[in-house]
Each structure stands twice: as C-alpha cells, then as structure tokens.
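Here is a friendly walk through a modelled complex, written for someone who likes to know the cut-offs behind each number. Let us look at the model first and then take its parts in turn.

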Amino acid sequence: MRRTVRLISLLAGVAISSMALAQTKEPIKIGVIGPTKTLVGKQGVQGAELAAELINKEGGILGGRPVQLVVYDTNFAPAEGVAAVQRLLTQDEVKIVTGEVSSSVALAAVPVVQAEDAIYIATVPKHPDVTKSGYDKIFRLNSTTAMDAASFDQFLTQTVKPEKVAVIAENSDFGRLTIDNLKKLFGSKVVFAESYGMQQNDFNSMVTNARASGADLVCVAGSNMEQYGNILRSLADLNFQGKRCVMPGILNSQGIKVAGKSAEGAMSADIYLPSMDSEANRKFVSAFEAKYGNGPEKIELLGFESIWIAAKAMDKAGSATDADKIAAAIRETPWETPRGKVTFDTSGQAKSGDLIRLEVREGAMTPIRN
Amino acid sequence: MTELLLQQLLNGLTQGMAYALVALGLTMIFGVLHVINFAHGEFYMLGGLTAVLVTASAGLPYVVAIALAIVLVGAVAWVVDRIAVAPVLDKRDGPSTVLLATFAVSLLIHQGVLQSWGPTPARVEGIPGAISVGSIVLGHQRLLVLVTGMALLVSIELVLRRTVIGKKIRALAQSAYAAQVVGIDTARVRRTTFIAAAALAGLTGALLSPVTLFTPAMGQHVIINAFVVVVIGGMGSATGAVVCGLALGVLEALASIYLPQEIGTAIIYALLLAALLVRPQGLFGSARA
Amino acid sequence: MNKISVLLVAAVCIALPFAFAGNAYYSGLAAYAAILALFGLSVNLTVGYLGYVSFGHAAFFGLGAYAAGLLVMKVGLNFWLALVLAPLPAAALGALVGFASARVGGAYFAIATLTTAEILRLVAANWIDLTRGPLGLIVPRPRIPALEGLGLSFHQYYLAFCLIALAVAVEIVRRLINSPVGRSWTTIRESSALAESLGMPALRQRVINIALSGALAGLAGALFVPRTLVLTPDLFSPTLSATGLLIAILGGKATLIGPLLGGLTFAILPEALRFIDEYRIAIFAVVLLLVVRLQPNGLVALLPWFRGRAKALVLQVDADASAPIRFSPADTLTASNLTRRFGGLTAVDDVSLTVKPGELVGIIGPNGAGKTTCLSLMSGFLEPSVGQVRFGETEITGREPYTAAQSGLVRTFQQTALTPHTTVYENVLSATYTSIPETFWSSLFQTSSYRERERQRSSLARACIDLVGLGARASDEAGSLPYGEQKMLSIAAALATRPRLLLLDEPAAGLNHTEANQLSSLLRRLREFGLTIAVIDHNLRMMMALCDRIVVLDRGKLLAAGSPSEVSRNPDVVKAYLGPGRKKEDARAHA
C-alpha cells in the first residue's frame with residue numbers, strides 16, 4: 001500500500017514536472033545496483049530515488065530531461081553484480097552505474113564497466129582496491145578504512161587510552177582490515193581479536209571470551225546492524241564493564257534501536273550525521289522525512305549523493321553519453337552535498353570534512369567535541 | 001577458568017537448544033514423509049516475525065506471542081502442505097520433487113516477508129533480567145529457552161511413545177507400507193507431522209528472537225546448521241537431532257575458548273565426518289540406512 | 001554420436017556467439033546457462049544415475065573455481081590452461097568422498113558432501129593468505145589476444161568455450177551411460193547386490209562415477225571464473241549446492257537433456273524477470289511451484305519426442321541375429337567345513353560339499369535349513385565364520401563378491417532383483433559387463449574395436465533373452481513383466497555374464513506348474529550347452545526329476561547327499577521332512 005502510494009506520488013511528480021515543461025522529453029537513465037532485498041541496499045535506493053525526484057522537480061537536466069533510475073538487485077553475489085551491470089550497460093544503455101554495498105561485488109563490477117567504457121560511482125564499498133583498478137572512471141563516495149583510521153586512531157590512543165583491547169570483527173575485508181589496523185596501532189595491547197561469520201546470530205560465547213581476556217575496550221567492526229547490535233547486547237548482558245567502540249562508519253539508528261539500552265555510551269565516528277548544520281543538509285533531511293516518514297543516515301546520504309552528482313555532472317558536461325566528459329566533470333567539480341563539500345582525488349576517491357566523533361546518548365547518535 | 005568454562009557451557013546449551021529444536025522438526029518431517037523440507041527455516045523466521053508483530057507492534061505480552069506463533073505458523077504449514085507437499089508426495093519420485101516444491105515455498109515466504117515487512121531487523125522484548133553467580137550470567141530469556149526446550153523435548157518424546165498419534169507417527173516412520181496395511185490414514189499422519197514440526201519451528205523462532213533479534217534472513221541462517229545436525233544425527237532420528245544439536249552448540253562454545261570460532265566449527269565438522277565413517281548410519285540412526 | 005549431430009553442435013557453438021555479437025549481456029547469460037547446465041549434468045550423474053543424493057556439490061564446483069583462480073593468480077598459469085587442470089582436484093575430492101561414502105552407504109554421501117562443502121567454505125573464508133577470505137580472489141578477464149586479433153570479442157569466445165565444454169561433457173556422459181560402465185551404474189543404483197552378483201565392482205564404479213561428477217562440477221566452477229571475476233567463499237554455499245540439485249530434479253533425473261533444460265531455466269528465468277526486479281524471485285518461485293505441480297517428472301517430459309526416443313532406443317536391437325551360446329567348462333566348486341553364525345544362531349554348521357564340472361546339483365531342505373545362507377557362502381556373498389570355498393584354484397572366501405562372478409561363479413537371488421524401469425533387453429545387456437568387459441577409458445573413447453565388442457554384447461544379450469524364451473518381450477519394461485517372466489529374466493541376466501557355474505536361489509518359488517516345467521527344460525538345455533548348475537528349491541518333484549545329485553540340509557547341517565533315488569530313500573531325510581514316525585510312502589507322495 002505504502003509502496004503504491006509512493007509510486008503514484010512519484011509518477012505524479014514526474015507528470016507534473018513534465019507538464020511544466022509542456023513537452024515530454026526522453027528521460028536519462030542511471031543504473032543503481034545493490035543488495036536491494038537487504039536493509040542497507042534498500043536505504044541506498046531510497047536516497048537515490050529521492051535525488052532523482054528532487055532533480056526532476058527542479059526541471060531535470062540537459063534542457064529539461066528527467067532522470068530515471070533503473071534499479072537491480074545484486075544479492076551480495078559478484079556473479080549477480082556482473083549480470084546486473086552488464087544488463088544496465090548493454091540493455092538499458094545507461095552510461096553511469098551507481099551503488100552497491102559489498103566490496104567483492106564492486107570489484108567484480110569494475111572490469112565490466114571498464115569494458116563498456118562507462119562510469120561507476122561506488123557508494124558504500126570500503127575496500128581500498130575498488131579505486132585502484134587504474135581505470136579512470138571509477139569513483140567512490142564512502143571513506144575507506146584507512147581514511148577512517150587516520151582520524152580515529154588518534155582519538156583511541158590519546159582520549160580513550162585503553163590498557164587492553166579486544167576486537168570483535170566480522171569476517172569480511174572491512175573486519176580483517178580493522179583487526180590489522182588495531183594490531184598495528186596497539187601492538188601487544190590487543191589481547192583478543194576474533195572474527196565471526198555473516199550468518200552468526202548468537203554472540204554470547206565470543207563475548208564471553210572477549211570479557212575473559214581482561215580487555216577494558218572492546219572494538220566492534222561489523223557492518224550488519226543486527227550483528228553489532230547483538231554484540232552490544234551480549235556485552236551488556238554479560239556485565240562487561242569496559243568501554244565499547246563501534247568502528248567508524250557503521251553505527252546507525254537502526255543498529256542502536258536493535259541494541260536498545262545496551263548501546264548507551266558506545267563510541268563511534270562517521271563522515272555524516274543527520275544533525276549536521278547546513279542548508280543543504282536541512283533540505284535533504286526534511287525532503288527525506290517527507291517522502292519516507294523517517295530520517296536519513298549515511299547510507300541514504302551516499303545513495304542520494306551518487307545520483308545527485310551523476311545527474312549534475314551530466315548536466316555540466318552537457319552530455320548524457322560522453323563518459324570522458326562526464327567523468328572529467330565529476331572529478332573537477334567541488335560538489336556541495338548535505339555532508340558539505342565533496343571532492344574527488346585522481347583515483348576517484350571522495351573526500352569531505354573530518355570524521356565526526358559521536359557517542360550514543362539516550363538512544364541517539366550525539367556528536368562530541370574534544 | 002572454571003567460570004569461563006561454565007559460562008561457555010551455558011552459552012553453548014542455549015545455542016545448541018536452538019539447533020536441536022529446529023533440527024528436530026526437520027528430522028521428524030524427514031522420518032515420516034521422507035522429504036527434506038527446504039522451507040523449515042522460513043517457518044522459524046515466521047515465528048520470530050509473529051513475536052515482533054505481537055510484542056513490538058501490537059504491544060501484547062510476550063506469552064501471547066508464543067501462543068500465536070504456534071497457531072499462525074501451524075496454519076501457514078497447513079496451507080503449504082495443501083499446495084506444495086501432500087499433492088506432490090504421492091506422485092512418482094515424490095520425495096525429490098517435494099524438495100523443489102518446498103524450495104519454491106521458502107522463496108515465496110521469504111519474498112513475502114521482504115515485501116510486506118521489509119528487510120529491517122527488529123528487537124523482541126522477551127523476559128528481561130538475568131541470574132548471575134559470580135561472573136557467570138544466564139539471562140532469563142535464555143533460561144526460558146533452555147527450560148521450554150527441555151520441556152518440549154520431553155513432551156514430544158512422551159507424545160511419540162504414549163499417544164495414539166505418536167504411535168502412528170512411529171509406525172509410519174518405520175514403514176509407510178506396513179502402516180497403510182494396518183489401516184493407518186497415512187495422509188493424515190503425514191499432514192499432522194508436517195504441521196506439528198512447522199509449529200515447533202515457529203515456536204522456536206518466537207523463543208529465540210529475543211535472544212538473536214529478528215531478521216527476515218534468520219531462517220536461511222538457521223537452516224544450514226540444523227541441516228548439518230539432522231544428517232549427522234542420522235536422518236529421521238529424533239534422539240540424534242537433539243543430542244547432536246546440543247552437542248554441536250556446546251562443542252562450538254567450548255572450542256571457541258581455544259580456537260578461532262569458524263576454524264573450531266570446521267574442525268568439529270571434520271571430526272564428525274570421520275566419526276561417521278565408523279558409524280555410517282548417523283550417530284543415532286538406525287542401521288537400516 | 002553421428003556426424004550430423006556433431007556438425008549441428010559445432011554449428012551451434014560457433015553460431016551462438018555470433019548471434020549475440022557485441023551483446024555482452026546475452027552472451028554472458030548464455031554462458032551462465034551453459035555453466036549451470038554443466039553443473040546440473042554433474043549432479044545428475046550421482047543423483048540420477050547412481051541414486052546418491054548430494055547436498056554439497058558446491059564443494060566440487062567451488063574447488064574447481066578456486067583451483068583455476070589460484071593457478072592463475074598464485075602460479076601465474078594461463079587461465080585457459082588452468083581450466084584443463086582445475087577439474088583434477090575436484091575429481092580427486094570426488095574420488096575421496098566417493099570412496100569413503102560408497103563403502104558405507106548413500107546416506108553418508110549426502111552428509112559427506114554437505115559437510116565437505118561447509119568445511120571448504122570455512123577454510124576459504126579463513127585462509128586469508130591464500131584465498132583473501134571473504135573479500136574474494138580477484139581474477140582478471142582471461143583475454144586471448146590471438147582470438148581478439150581475429151575480431152572476436154571476449155564474450156564471443158568465452159561463450160564458445162563454455163558451449164564446447166558443455167558439448168564435450170554431454171558427449172562424455174552420453175557415451176558412458178550407453179556403455180557397460182554407465183549401465184553398471186543403473187544396475188548398482190537399483191541393487192548393489194544384484195550388480196555384484198553380475199560381476200560389477202560396485203565400489204569402484206561408484207567411485208568412478210562420483211570422481212567424474214566431481215570433475216564436471218569442477219570444470220563448471222572453473223568456467224564460472226571469468227563470469228564472476230571475484231571468487232568468494234560463497235562458491236561453497238549450500239544455496240549453490242541446492243541450485244545444482246534443483247536443476248537436476250527440475251530438468252528430469254537420469255536424463256541427458258534434463259540438466260540442460262534445468263540449467264537454462266535457472267539461468268534465464270531470474271534474469272529475464274529483472275525488469276520487475278522487486279518481484280522476480282517470487283515469480284520464479286511460483287513458476288517452479290507450477291512446474292512441480294503440473295510436470296513432476298521434470299521439464300524433460302514436456303518434450304514431445306522424449307518418450308518416442310526412449311522406445312526407439314530399444315527397437316534398434318534385433319538387427320543382429322542371435323549367436324549360439326556356449327559356456328566354458330567349470331572347475332570344481334569345493335566348500336569345506338563351512339560354518340556361519342549370526343549372533344547366537346548357527347545358520348550353517350560344518351557343511352562340506354562339492355559341485356563337479358557338468359553336474360546339475362540340487363540343494364534341498366526344510367525351511368530354515370540354511371540353504372540360502374549356504375548358497376551365499378558358496379558364491380562369496382557372505383563370509384563364513386569357519387571354512388573356505390574354492391572354485392578350481394580360485395579362492396572365493398574373503399574376497400569381494402563381484403570377483404566370484406568374474407571368475408565364472410554366478411548366483412541369482414530369490415527376489416527378482418532387476419532394474420524395473422528399463423527394458424528387458426537393457427537389463428540383460430547390462431549383465432554382459434563381465435563377459436565382454438570394458439574399461440572406463442575404452443567406454444569413453446569408443447574405438448572401432450569397442451563398437452565391435454558392443455555388437456557382440458548386443459547379440460549375446462539377445463541370445464540370452466531368446467534362450468529363456470523372452471524374445472517377444474525384449475523391449476518391454478522389466479518391471480511390467482509377470483512374476484514368472486521376471487524370474488526368467490534374472491536367469492537371462494545371469495547367463496549374459498557367461499557363467500561357468502550357475503547358483504540358482506529358488507528359481508521355481510512362486511511359479512505355476514507350466515512355468516516350473518519351462519524352467520526345468522531350460523535348466524536341462526543349459527546343462528546340454530555345458531553349464532554346471534547348482535539349484536536350491538522347495539519344489540521337490542521338480543528337483544527329483546531334474547538333478548543328477550541332491551544335497552539335503554537340515555538345521556544347518558549336511559544331512560545326506562546322493563542321487564535323487566538314494567536321497568529319497570534315506571530315513572534321516574524322510575524324518576527331517578515329515579517328522580518322526582511317518583512312512584516312506586508319504587515322503588514319496590510329497591516328493
């Protein structure tokens with residue numbers, strides 16, 4: 001029902017904007033991939049859809065042509081990702097593909113995009129290799145683990161100052177890199193480091209061992225909110241008394257909601273917070289709330305940004321098909337987005353302001369200054 | 001050290017109870033219908049979803065959630081049996097075709113939940129509080145899982161041994177042909193078994209969702225372990241499923257003290273595989289396999 | 001395969017890549033369908049032909065993919081070379097799992113594959129140095145500059161290679177299932193005891209089947225590498241195993257075309273539904289459900305010519321006239337001091353007897369006398385607790401049952417153990433396994449001398465069918481024959497092994513008077529052809545009239561032996577049959 005209403009309102013929006021132009025122009029298609037059947041995937045798509053809607057309300061791009069999204073599921077499987085991207089590029093004839101959560105899928109997509117001389121704007125994947133293919137039309141919006149560490153390490157060593165550190169990480173590139181980074185940072189102070197599979201749902205034994213290691217700081221590195229939420233709960237249930245830190249870039253309000261009271265006091269950091277004080281952000285947040293009934297967070301922002309930048313870059317390049325020109329436009333423009341000014345370096349990696357340090361207070365992510 | 005071992009023993013028992021209860025239903029269906037129910041994990045997930053809807057969305061007490069999970073999942077299983085199991089089972093090569101049918105059903109249930117509820121995980125408020133002795137902690141909800149699980153296992157055993165339907169189920173598991181000859185309505189016993197096993201999975205989902213959180217993918221995650229437990233326990237053996245489920249949970253928890261968790265699991269599987277070479281019919285299976 | 005089909009397949013392999021020229025999406029999809037079909041073919045080999053259900057074929061698929069990927073990335077081998085080597089570890093794993101499980105039973109195979117796949121998944125996810133763990137091993141596109149120089153795109157020759165691999169695999173499987181090797185798989189699937197009695201080494205054939213299946217799955221996995229480009233531990237996931245199993249079942253078990261249809265469905269349908277991305281999985285599920293409800297025998301049954309073909313295969317048989325049948329002379333079968341205990345029960349107690357070349361010996365005795373146990377001991381199917389059996393110089397005791405059959409000592413079973421869903425002709429043809437033997441490789445390459453031997457097998461089978469009087473029934477389904485004819489069929493199958501000594505276990509049980517007479521005259525004729533025979537039966541009237549010599553067992557002990565008239569006059573025998581105090585006349589009347 002909600003979906004239908006949304007569909008109708010979207011259609012109505014498109015209809016009104018086209019009527020305003022008094023003529024129907026051929027829409028410009030942009031591809032979106034991601035695990036759309038999961039929460040993160042869905043959040044990204046919501047952000048992307050909002051961007052398209054706002055752009056079309058403003059009258060579209062390239063002389064009034066509306067933006068149309070083509071969304072395909074990749075279900076965390078590289079092979080599905082390849083199929084989806086191939087279909088987007090050859091059947092739907094899009095020039096820009098955006099999205100994805102899994103680094104493995106993004107890495108599989110890169111050569112396909114390269115073969116068709118198209119552009120890929122990765123949203124969430126964090127693995128450094130995504131932007132290291134040597135192909136110059138790959139961009140990434142999220143920060144990498146290394147970028148996060150550069151800012152967060154200082155906070156851990158100088159403000160938190162743990163005696164013994166335990167790391168509980170998911171068995172993924174992100175989790176593995178986090179363990180490596182923390183071991184480099186803390187050396188023998190890391191007394192416990194373990195990874196869990198993506199299907200695990202009971203963390204009591206792992207947390208019991210972490211507690212028994214005598215650590216006074218537990219760092220959690222897992223992108224699934226049900227999993228890190230559950231780890232926070234197990235820590236609380238087993239009366240863990242030390243500090244808890246959710247590694248930068250993964251904490252969100254859904255995760256806090258599933259963790260409940262046990263999330264209180266957990267530390268983290270991120271590149272974006274919905275409470276950021278800027279005109280662009282206020283507009284984004286209120287439009288998002290109006291459309292979906294709940295506030296956006298980082299994943300939604302990245303989805304939004306990807307379409308926003310893609311469309312505006314086409315507009316700026318004056319072409320929806322010339323990949324070289326569009327890529328140049330993406331790379332050369334400083335973009336104003338809800339999180340502030342976003343620029344891309346030569347590898348295609350996006351950079352914005354510093355990480356915002358935060359703590360969970362009364363069930364909300366609260367920015368802290370130090 | 002003792003406290004650590006005891007704590008891990010408790011952790012392992014609750015995890016093992018979850019394996020055992022899901023595997024028990026799966027193995028019952030296999031024993032009586034000679035069918036592998038691919039949709040079993042989704043029944044478990046539906047139980048969890050019922051708990052979420054009843055407690056978080058409707059604000060009713062948790063006990064109601066447990067009761068409703070049994071009823072609702074049982075009803076869904078009745079429908080599934082009607083459209084995808086019973087009519088397919090009697091055809092030539094029925095059991096392997098049912099595999100396809102229940103696979104399709106599992107996709108349908110999963111997609112249905114994704115379309116209506118969405119992919120969002122949710123917390124279920126079970127019974128709050130915990131018992132702690134020294135550093136050993138046992139949450140009330142986990143205690144409930146253990147106690148209810150034990151009670152369920154005992155009562156299922158009693159039903160199978162003492163009641164008429166239980167005897168019919170066991171007769172059918174022995175030989176469908178012989179059961180038919182002595183006048184047992186095999187179709188009905190099969191249906192009853194299927195629905196009861198599904199309701200058990202639903203109940204387990206409702207019991208465990210406060211511990212593990214509800215996610216629409218929880219069924220897919222639980223089915224793999226349950227399946228391993230069923231085959232290792234001896235397909236169709238109720239005792240085997242229960243003992244192996246509990247043992248797997250406890251062994252995993254204890255091994256986690258000394259080994260990285262996933263490597264521990266791999267080693268346990270390898271050892272079980274070797275053990276099965278000596279006892280090929282499954283650790284508790286009857287020799288007829 | 002005839003020349004026309006070779007040309008046709010070659011044409012498809014060449015034409016399809018060009019039909020999709022420049023369209024990476026469609027050719028990629030076609031390649032994916034070919035890979036899934038190959039995977040389904042591999043699963044079908046064990047599930048369909050061997051009757052071993054696999055819950056973890058992803059173990060072989062993933063191993064093939066990782067083997068190819070690691071050979072490229074760690075050894076620096078060219079991918080297309082690695083493609084040839086990649087099936088080997090999967091075949092070795094297949095042989096290992098097969099050897100372990102075939103020894104202990106089919107249920108173990110299900111467990112072993114499932115757990116092996118899970119172990120490999122955990123290893124791949126945690127052996128970071130080798131596999132890069134969950135992030136996955138990234139393999140670059142294996143381009144072939146020489147082919148691209150000819151103007152071919154990567155997608156075109158990749159698809160061509162996939163299709164060629166599939167065609168080769170289908171041809172391998174087609175040749176094997178129509179050879180003694182493949183026919184032995186079907187016999188083993190129905191009854192491994194029957195297969196062993198006909199001289200088929202059940203264990204070895206199972207291992208061969210599973211190793212081949214592993215190799216094909218490994219090949220499919222290796223071919224999948226250029227499609228997925230990133231190898232993750234999910235290649236070992238149960239979902240993938242389920243896909244293979246479902247492809248085999250959906251297509252139609254134990255058919256050659258089935259996996260192709262199944263693979264096509266599983267590859268194309270979800271992709272074709274992408275335009276309704278949100279509902280595609282649900283619609284796919286509904287389609288599956290409909291297929292299951294409406295066409296439970298698999299998609300293959302939808303093909304109009306499928307049933308016709310199954311018939312045609314049988315009718316080409318009688319081209320050859322049946323050749324006269326000869327049996328080589330037997331050696332003396334000597335059983336000395338045989339004792340067999342089951343728990344506390346002694347079924348056979350210190351029995352010694354011989355069967356001399358050219359004899360027709362009857363073994364009789366009341367119920368529970370230990371006749372069948374005795375026969376199982378003499379044919380090598382049971383280990384005696386004490387004593388030994390020799391056939392000429394050959395030791396029978398303590399060896400695999402099939403070796404007895406291979407040395408010419410062949411038994412039949414009381415129950416008519418047959419392959420019920422194949423024809424009478426095919427049943428007997430598969431029994432020529434020992435008499436005109438083939439190796440795996442000769443069955444695969446099928447040289448002209450193989451084809452000559454296949455003609456000999458065909459005419460031998462035909463001759464055996466005619467000999468037992470089932471000539472008119474040759475193309476009927478074996479399971480549809482009346483009981484008496486099924487008994488005759490099992491004798492025909494035994495004869496097709498060219499035995500030198502035949503051990504018949506109650507061949508007349510359940511036969512009516514006419515049928516029993518036919519049986520007697522058949523056995524007499526067989527003896528005239530030079531076959532030595534030992535028969536167990538209850539039908540005393542028939543046995544007395546038929547046999548040269550009678551051996552009487554009672555409660556596991558040898559009671560008497562001699563000519564029929566001597567035995568019928570023996571007071572112990574009379575007592576055993578009629579209880580004490582009865583008169584001889586009664587015994588004669590019963591006999």
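How many helices and strands are there in chain A? Chain A has 12 helices and 15 strands, where helices (H or I, at least four residues) and strands (E, at least two) are DSSP runs numbered from the N terminus. The radius of gyration of chain A is 21 Å, close to the 21 Å from the globule rule for 370 residues, so chain A is as compact as a globular protein of that length. That radius is taken over C-alpha atoms, and the globule rule is 2.2 Å times the number of residues to the power 0.38.

Before going further, a word on conventions. This is a predicted model, in which local features need pLDDT of at least 70, side-chain atom pairs count only at pLDDT 80 or more, and totals for chains, interfaces and linings use all residues. Residues are numbered from 1 along each chain as its sequence is written, while chains are lettered from A and ligands numbered from 1 in the order in which they are written.

Chain B has 11 helices and 2 strands, in the order α-α-α-α-β-β-α-α-α-α-α-α-α along the sequence. Its radius of gyration is 19 Å, close to the 19 Å that the globule rule gives for 289 residues, so chain B is as compact as a globular protein of that length.

The table sets the two chains side by side. A residue is buried if 20 or more other C-beta atoms lie within 10 Å of its own, exposed if 12 or fewer, and partly exposed in between, with C-beta atoms placed from the backbone.

| Chain | Span along principal axes | Buried residues |
|---|---|---|
| Chain A | about 70 × 40 × 35 Å | 60% of 370 residues |
| Chain B | roughly 60 × 50 × 35 Å | 56% of 289 residues |

Now for a closer look inside chain A. Strand β8 (residues 217–221) of chain A has 5 of its 5 residues buried. Both faces of β8(A) are covered, with A:L217, A:C219 and A:A221 on one side and A:V218 and A:V220 on the other. Strand β6 (residues 165–170) of chain A pairs with β8(A) in the parallel sense over 5 bridges; two strands pair if DSSP finds at least two bridges between them. In β8(A), A:C219 stands opposite A:V167. Strand β9 (residues 243–246) of chain A also pairs with β8(A) in the parallel sense, over 4 bridges.

Where does chain C meet its partners? The contact with chain B joins 32 residues of chain C to 35 residues of chain B, two residues being in contact if their C-beta atoms, placed from the backbone, lie within 7 Å. The largest share of the side of chain C that touches chain B, 13 residues, comes from α6(C). The contact of chain C with chain A takes 21 residues from chain C and 24 residues from chain A. Here α2(C) gives the most to the side of chain C, with 3 residues.

How confident is the predictor? The complex has an ipTM of 0.84 and a pTM of 0.83. Where pLDDT is low, the predicted coordinates should not be read in detail.
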